[in-house]
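Let's take a walk through this one together, starting with its aromatic rings. Have a look at the picture, then read on.

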Amino acid sequence: MDPLTLTILVAACASAACWLLSLFTRDTSWVDRAWSIVPVVYVWIFAVEALASGIDATRLVIMALLATAWGARLTFNFARKGGYTGTEDYRWAILRGRMRPWQFQVFNLLFIIGFQMTLLVLITLPAHVALQHPAPFTAWDAVFTVLFLALLIGETIADQQQWNFHRRKAAGEASGFLTAGLFRYSRHPNFFFEQAQWWVFYAIGATAAVASGIGILGGALNWTIIGPLLLTALFIGSTIFTESISASRYPEYTEYRRTTSMLVPLPPRAARQRERRSAG
């Protein structure tokens, strides 16, 4: 079976399973539980096809290993927060309370299941481009591989800082929200690193197309860019919604938003203003 067709078939089965489980359990976090797993499966489908067909599979095997490292980190972080023990994402409970039952079920089917599971296919399709253009591994591939790993390390650090803070908070040793470490420079550094990894993944697929002789259009800029674009749009929308909840709980969150970048790590705005005044 064609690997793209197989990927779509696996995604359809996973989507149906998530939808049925959400109905039977009244828990809409099944996509969250699949989030770190199904993309790894999809990328390995393309990598195995490259290995089986006898082409130079170096790039695709590295892409599959990077996706596996990404999935392992995210699965571990999700598991230690209780994600696989029946704990539903608090945001879905809030949205369920704001909608009528039938409205939430439509939202569940079309967005939570349909859109997100489709997105998880789209972000992996640079591997499809790499399979279609089996050019030799290049220096640019090496650069993007190292960058992906650096972003993965950054996200691991951010998640650990957040985990440590919530452990202290649960023990009564901290309160409010985290503003130290990487969170001094970004309100959501883990979100930034997460999105950036899939932009780099796209770049590796685009490198294969360019190395095969395709130029800017169709090569560096190809149709699979829709994956990271939609992922970024999803994260921005989710972040705005999450921050509206935080602002309602913590009045001081408004000041944190004013002084700290939402996603891209940057010096706090007050520090930047002092630096500009000193330079002037």
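Rings of Phe, Tyr and Trp (its six-membered ring) count as a pair if their centres lie within 6.5 Å. With that in hand, look for F104, F107, F111 and F115: ring pairs link these residues into a cluster. Keep in mind that you're looking at a predicted model.

How many aromatic pairs does the structure hold? There are 14 of them. One is formed by F177 and Y256, with 5.2 Å from centre to centre and 40° between the planes, which makes the pair tilted. F177 sits in the loop between helix 8 (139-170) and helix 9 (189-211), while Y256 belongs to helix 11 (residues 253-259), so this pair ties together parts that are 79 residues apart in sequence. F177 and Y256 are both buried.

Now try F192 and F193. Their ring centres are 5.4 Å apart and their planes meet at 65°, so this pair is edge-to-face. Buried or partly exposed: which is F192? F192 has 23% relative accessibility, so it counts as partly exposed. F193, at 11%, counts as buried, because buried means under 20% relative accessible area.

R33 lies over the face of W30, 4.5 Å from the ring centre.

Finally, the bigger stretches. An unreviewed UniProt entry places the feature "transmembrane region" at several spans, including residues 106-131 and 137-158. Residues 106-131 are 88% helix and 0% strand, with 36 Å between the end C-alpha atoms. For residues 137-158, the chain is 91% helix and 0% strand, and the end C-alpha atoms lie 31 Å apart.

Terms used: Residues numbered from 1 in each chain as written. Predicted model: local features only at pLDDT ≥ 70, side-chain atom pairs only at ≥ 80, totals over all residues. Heavy atoms only, no water. Phe/Tyr/Trp six-rings, centres within 6.5 Å; stacked < 30°, edge-to-face > 60°. Helix = DSSP H or I, 4+ residues; strand = E, 2+ residues; numbered from the N terminus. Buried < 20%, exposed > 50% of the residue type's maximum accessible area, 1.4 Å probe, protein only. Lys NZ or Arg CZ within 6 Å of the ring centre and 35° of its normal. UniProt positions renumbered as here; feature names shortened; annotations may be inferred.
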